[in-house]
Amino acid sequence: MQERYSVILKRKLTKIFAALLALVLVTGGGAVSAAPAASTPPDWIKHADGIKDDPEQQEKNEELEKWREEKKNVKVPILLYHHITNDTFTTEESISHISPDDFRLHMTAIKVHYNPISLRKYIEYVKCDDGSVTIPENPIVVTFDDGYSSNYEIAYPILKQLEIPATIFVVTDTVGEQSSGGRVHYSHFTWEQAREMESSGLIEIQSHTAGHIGMTTVDAGEQIRQLRKSKYEIEKNLGHKCDMIAYPYGDYDESVKQEARDSGYSVQLLVDDKTTENDYDVNLPSEGVENLTRMTIAGSMGNVNVIEIIRKTVNKKIIPQ
Ligand SMILES: [Zn+2]
């Protein structure tokens with residue numbers, strides 16, 4: 001029995017000793033980690049505080065926030081013109097025709113009331129997220145479809161004089177074709193003239209397909225040919241990337257859009273030539289660059305009226321919150 005008590009006593013003493021040792025270690029450990037907290041914080045913490053309080057950085061953050069807020073409220077009308085001619089034209093033709101005098105009046109009016117920017121600039125602005133691309137207040141974009149000689153002969157000098165940038169969407173199979181040849185109704189400017197206009201830095205040429213066909217009226221093989229042939233011709237003849245497509249007659253569907261994406265078009269423009277004034281719409285940066293809408297400007301609109309119509313369209317556009 002004696003022996004058994006001494007074993008129990010030994011075990012108890014061992015436990016007490018172990019507990020004491022653990023206590024010493026724990027409080028000792030605590031003392032080690034607690035000591036520096038009472039003194040000055042390490043340099044890296046002070047450094048991080050410095051970044052947070054850096055007034056320059058704070059100002060940059062505020063500017064970026066302001067830029068993002070402003071971007072949410074930007075509305076951009078994209079105007080669409082076609083042929084410019086002094087020939088008399090029917091009411092139906094007036095949807096896509098305008099006289100040189102009226103065209104000059106339109107351009108002068110938009111220069112007074114808006115700030116014309118290039119379509120490329122708008123695309124860069126939409127894609128930008130770091131505040132590095134800015135656009136002026138009341139922006140507006142001018143575009144042309146088809147690539148008529150009148151764009152080169154009449155519109156280009158006016159645009160140059162007023163310093164208004166424009167994007168022209170050409171039908172590549174008919175570039176340089178003259179109306180006297182019978183195949184086209186109106187003459188189309190040449191690649192040489194296209195290069196001359198682009199060298200001004202004001203004009204950019206992009207695709208309106210190879211043969212001006214309604215894209216949903218042909219099979220997938222022909223759709224791909226229309227997209228890729230026109231892209232190839234523009235890149236070969238003008239030496240720059242062709243990444244924008246404007247669909248003839250505004251005719252497209254989801255599979256056409258996917259083929260366009262697969263063919264290297266990151267920007268897609270829609271239009272309905274039969275659009276009435278009430279259907280006009282403007283673009284929001286939040287809507288991206290694959291559904292850009294345009295306002296077909298008719299020759300029958302006076303210069304005051306065109307500004308009114310643009311203003312009305314801008315005002316009615318609701319920005320989703
Ligand atoms: Zn067209």
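Among contacts in the chain between residues at least 6 apart in sequence, 68% join residues at least 24 apart. The model is a predicted one, and its chain holds ten helices and ten strands, while 31% of the 321 residues count as buried.

Two packed helices are described by the angle between their axes and the distance between the axes. The table sets out two such pairs.

| Helix pair | Angle | Axis distance |
|---|---|---|
| Helix 8 (residues 220-238) and helix 9 (residues 254-262) | about 45° | 10 Å apart |
| Helix 4 (residues 100-113) and helix 10 (residues 303-316) | roughly 45° | within 8 Å |

Helix 8 and helix 9 pack at an angle of about 45°, which makes helix 8 oblique to helix 9, and the crossing of helix 8 past helix 9 is right-handed. On the side of helix 8 the contact is made by Ala220, Gln223, Ile224 and Leu227, and on the side of helix 9 by Val256, Glu259 and Ala260.

Helix 4 contributes Asp102, Leu105, His106, Ala109 and His113 to the contact, where helix 10 contributes Asn303, Val306 and Ile307. The residues of the contact of helix 4 with helix 10 comprise four nonpolar, three polar and one charged.

Key:
Residues numbered from 1 in each chain as written. Predicted model: local features only at pLDDT ≥ 70, side-chain atom pairs only at ≥ 80, totals over all residues. Helix = DSSP H or I, 4+ residues; strand = E, 2+ residues; numbered from the N terminus. Buried ≥ 20, exposed ≤ 12 C-beta atoms within 10 Å, placed from the backbone. Contact = placed C-beta atoms within 7 Å. Axes fitted to C-alpha atoms, helices over the stretch in contact; angles between N-to-C directions. Parallel < 35°, antiparallel > 145°, perpendicular 65-115°, else oblique. Left-handed = near helix turned anticlockwise from the far one by under 90°. Nonpolar A, V, L, I, M, F, W, Y, C, P; charged D, E, K, R; others polar.
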